Amino acid sequence: MIKQNLEEVERNICAACSRSGRKREDVTLISVSKTKPISMLEEAYAAGSRDFGENKPQELREKQETLPTDIRWHMIGHLQRNKIKYIIDKACMIHSVDSERLAEAVSLEAGKRGIVMPVLVEVNIAREESKFGIYEEDTLAFIEKISALPNIRVEGLMTIAPFVENAEENRIFFRKLRNLYVDIKSKNIDNVTMCNLSMGMTGDYQVAIEEGATMVRVGTGIFGERNYKQ
Ligand SMILES: *Cc1c(COP(=O)(O)O)cnc(C)c1O
């Protein structure tokens, strides 16, 4: 089932790339495996997935320690400072930097291990009360500030778009984020590469790709519905 789901997602990604004149290799599919058992991740791995997304630090760590070492682990969820230590040497990227205090703490932990952690800045592009993230108008100043930290490198922007019935409703938000990304990239800030735009989930990744996503985060479309009730 997971293999077939991945094949379907892959076809959709290819179609969205060709509709928008983009190359397939310019889009990374992140298989969002939060709450799912190791056996399902193994199935996805066997079907070719090498990028997995998790939102709980301890869960990311446990899965990382169990599964093959060529997997790239993306930390995509809200991160508390006291949990950075669980993932600092396990995650390839943190997609959810949303405060100066968090950026400083990530840099400090990365420094202790002698590494530079790639990060994305989470932007609350639709200004939803319920969501984390920096507002659009504050993003440039925020990035200028945290770019001075020695052990992180800002590689782009991430957003979680509103939950909508029709993915087309989110096109405007993806376009806004892409414009912000291009604008910040053009400033050529030291230590800021702006090479990744992480946007689009199961309901709207095709639209996100048409609007320039370089990373899409797909959970339900690969692993099925999540059951949070235990
Ligand atoms: C859970 C999650 C996803 C995947 O959501 P689906 O709708 O299941 O594809 C993507 N991004 C983030 C940040 C998430 O927490």
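This is a predicted model: local features need pLDDT of at least 70, side-chain atom pairs count only at pLDDT 80 or more; totals for chains, interfaces and linings use all residues.
Which helix holds Pro57?

**Close-up 1. Pro57 in helix H3.** Pro57 is found in H3, the helix that runs over residues 57-66. Is Pro57 buried or exposed? With a relative accessibility of 6%, Pro57 counts as buried, because buried means under 20%. Its partners, not counting residues up to four places away in sequence, are Met75, Leu79, Lys83, Tyr86 and Ile87. Take a look at Ile84 as well: 27 residues separate Pro57 and Ile84 in sequence, while their C-alpha atoms are 7.4 Å apart in space.

**Close-up 2. Helix H1 and its two sides.** Here is H1, a helix of 18 residues. Which residues of H1 are buried? They are Ile2, Asn5, Leu6, Val9, Ile13, Ala16 and Cys17. These residues cover an arc of only 110° around the axis, which puts them on the same side of H1. Just after H1 comes Gly21, with a positive phi of about 65°.

**Close-up 3. Helix H5 and what covers it.** H5 takes in residues 100-112, 13 residues in total. Look for the buried residues of H5: Leu102, Ala103, Ala105, Val106, Ser107, Glu109 and Ala110. Among the elements that cover them are helix H4 (84-87), strand S4 (91-97), strand S5, helix H6 and strand S6 (152-158). After H5 comes Gly114, where phi is positive and near 70°.

**Close-up 4. Two loop residues with positive phi.** Where is Arg127? Arg127 sits in the loop between strand S5 (117-122) and helix H6 (139-146). Phi of Arg127 is near 55°, a positive value in a residue other than glycine. Arg127 counts as partly exposed, because its relative accessibility is 44%. Now turn to Asn188, in the loop between helix H7 (171-185) and strand S7 (192-198). Asn188 is also a residue other than glycine with a positive phi, near 45°. At 63% relative accessibility, Asn188 counts as exposed.

**Close-up 5. The largest pocket.** How much volume does the largest pocket have? The value is about 680 Å³. This pocket is lined by 31 residues, and the closest to its centre are Lys34, Ile160, Phe163, Met201 and Arg226. By class, the lining of the largest pocket has 14 nonpolar, ten polar and seven charged residues.

**Close-up 6. The second largest pocket.** The second largest pocket has a volume of about 220 Å³. Of the 13 residues that line this pocket, Glu10, Arg24, Leu29, Gly48 and Ser49 lie nearest its centre. Helix H1 (2-19) and strand S1 (28-32) are the elements that give two or more residues to this lining. Four nonpolar, four polar and five charged residues make up the lining of the second largest pocket.

**Close-up 7. A cavity in the structure.** Rolling a probe the size of a water molecule over the atoms shows where empty space is left. How many cavities of 30 Å³ or more does a search of the whole structure find? The search finds one. The largest cavity holds about 40 Å³ of space. Its lining is formed by Glu122, Val123, Asn124, Ile125, Ala126, Glu128, Lys131, Phe132, Thr159 and Ile160. Five of the lining residues of the largest cavity are nonpolar, two are polar and three are charged.

**Close-up 8. Glu225 after helix H9.** The last stop is Glu225, in the segment after H9. Glu225 has a relative accessible area of 66%, so Glu225 is exposed. Leaving aside neighbours within four places in sequence, Glu225 is in contact with Lys36 and Thr220. Glu225 and Ala15 are 210 residues apart in sequence, and 24 Å lies between their C-alpha atoms in space.

Definitions and conventions
Residues are numbered from 1 along each chain as its sequence is written. Side-chain values use heavy atoms; hydrogens and water are left out. Helices (H or I, at least four residues) and strands (E, at least two) are DSSP runs, numbered from the N terminus. Buried means under 20% relative accessible area, exposed over 50%, partly exposed in between (1.4 Å probe, protein chains only). On a 1 Å grid over the protein atoms alone, a cavity is a set of points where a 1.4 Å probe fits but cannot get out, and a pocket is an open set with protein on both sides within 12 Å along at least five of seven lines; lining residues have an atom within 4 Å of a point. Grid points are joined across faces, edges and corners, and a volume is the space filled by probe spheres set on the points. Ala, Val, Leu, Ile, Met, Phe, Trp, Tyr, Cys and Pro count as nonpolar, Asp, Glu, Lys and Arg as charged, and the others, Gly among them, as polar. The expected span of a helix is 1.5 Å times one less than its number of residues. The arc is that of the directions from the helix axis to the C-beta atoms. Contact means heavy atoms within 4.5 Å.
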